[in-house]
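Please read the following notes alongside the model. They cover a pocket, a helix and a helix pair.

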Amino acid sequence: MNILIVGSGGREHAIAASVAKSGRVKKIYCAPGNAGIGMLAECVPIGAMEFEKLVAFAKEKAIDMVIVGMDDPLVGGLVDELEAAGIPAFGPNKNAAILEGSKAFSKDLMKKYGIPTAAYETFERAQDAEEYLKKQASFPIVLKADGLALGKGVLICNTLDEALSGVKEIMEDKKFGSAGNRMVVEEFLTGREVSVLSFVDGKTIKIMSSAQDHKRAKDGDQGLNTGGMGTFSPSPFYTDEVDAFCKKYIYQATVDAMAAEGRPFRGVIFFGLILTEKGPRVLEYNARFGDPEAQVVLPRMKNDIVDVCEACINGTLDQIDLQFEDNAAVCVVLASDGYPVAYEKGFEITGLEKFTEKEDYFCFHAGTKTDEQGRIVTNGGRVLGITALGGDLETARGKAYEAVEWVDFANKYMRHDIGKSIQESKGNADSSAFPSK
């Protein structure tokens, strides 16, 4: 098969690495790709939102399957364009990708179908949101831009003043662009956060191994929210009890709700969960593999990813026995110092060759490119995702932090506490009883 992957980050590199292991693949293309993906695939200079060019390229190269990695082209309807041209595509149609594309839609869906989530209100006018915050809100409280905001359109406000500033930021100053045309004001929940990815074919859902992301830029969960500074899989907090609750009240219920709305979902649903004292609640949905969650989940998957994607497209996922290795993975993101605000690019990356032919170590490129001299240089805020596998989480964590020293670039920055909660959790995985929804 000829496969085209759409995207340019660490997630797409992890997808490409999985696709490259398939015995069914003849040629891999990636649009636009990056320097690391270029070691596995032919990168083509077509942007993820250039739908006409992507369709034309897929026809020209007789592409047998397109895997869309990124949220923007999914929400924008790339899968619809490809399918209209007769090209099989993995990912939700536009009318299903709204599950991620509009937080207001997803909250309304959960309320309508009784899927456990935080209490909320939706606003289209800043003035109405401000009135609500002054008269009815309790703090802390969460403000969410309705649309896509690169994972950054969420503000946790501890006081009324902070919340009013947040409304101005999102709805009036449009810090997150048109994503802030509508805003969700949500109850603040406390508990461990866990990410659970799943494959879906419109009716059947198969759960992947759990993961846990670290969003804040600095050690100790300090600093600004980022796209993710590291992750580990599986999460020790995702117990059998949590799994049973989510299977009963969340996973299939979401798939069935989307089908009932005339929006059958095919692709990956990412469940962002929080484990509260009253049980798991859905914080958010994403309509694709997480980044950097894909970098720890996919290396642990036993199945041929092409088989699974094809089953999702064809509606035969019930015939797939989805399996994961009985091991663990930890990913530490190497970023450009100053991310997520301001940072320099163009620094040469050294030591990448140390990852060749090492089975338990992966160097997933996120923000890299090859310069005119043929050197691999930094080209983004998140530069590399260094992933290691181990028999357990502590072993994988030790190996990941060993491997981050193998590579270097001028303004290299990382968190030093990715997966530190693993040690804290020993014998204490927050598995309090979940009495009800």
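What volume does the second largest pocket have?

1. The second largest pocket has a volume of about 540 Å³. Here a pocket is an open set of points on a 1 Å grid over the protein atoms alone, with protein on both sides within 12 Å along at least five of seven lines. The volume is the space filled by probe spheres set on the points. The model is predicted, local features need pLDDT of at least 70, side-chain atom pairs count only at pLDDT 80 or more, and totals for linings use all residues. Residues are numbered from 1 along each chain, and side-chain values use heavy atoms, without hydrogens or water.

2. Helix α1 (10-20) and strand β18 (361-365) each supply at least two lining residues. By class, the lining has 13 nonpolar, five polar and five charged residues.

3. Helices α6 (residues 103-113) and α9 (residues 240-260) pack at about 105°, with axes 10 Å apart. That angle makes α6 roughly perpendicular to α9 (65 to 115 degrees). On the α6 side F105, L109 and Y113 make the contact (heavy atoms within 4.5 Å), meeting A257, M258 and A260 of α9. The contact residues are six nonpolar, no polar and no charged.

How values were computed
Axes are lines fitted to C-alpha atoms, for helices over the stretch in contact, and angles run from 0 to 180 degrees between N-to-C directions. Helices (H or I, at least four residues) and strands (E, at least two) are DSSP runs, numbered from the N terminus. Angles under 35 degrees count as roughly parallel, over 145 as roughly antiparallel, 65 to 115 as roughly perpendicular and the rest as oblique. Ala, Val, Leu, Ile, Met, Phe, Trp, Tyr, Cys and Pro count as nonpolar, Asp, Glu, Lys and Arg as charged, and the others, Gly among them, as polar. On a 1 Å grid over the protein atoms alone, a cavity is a set of points where a 1.4 Å probe fits but cannot get out, and a pocket is an open set with protein on both sides within 12 Å along at least five of seven lines; lining residues have an atom within 4 Å of a point.
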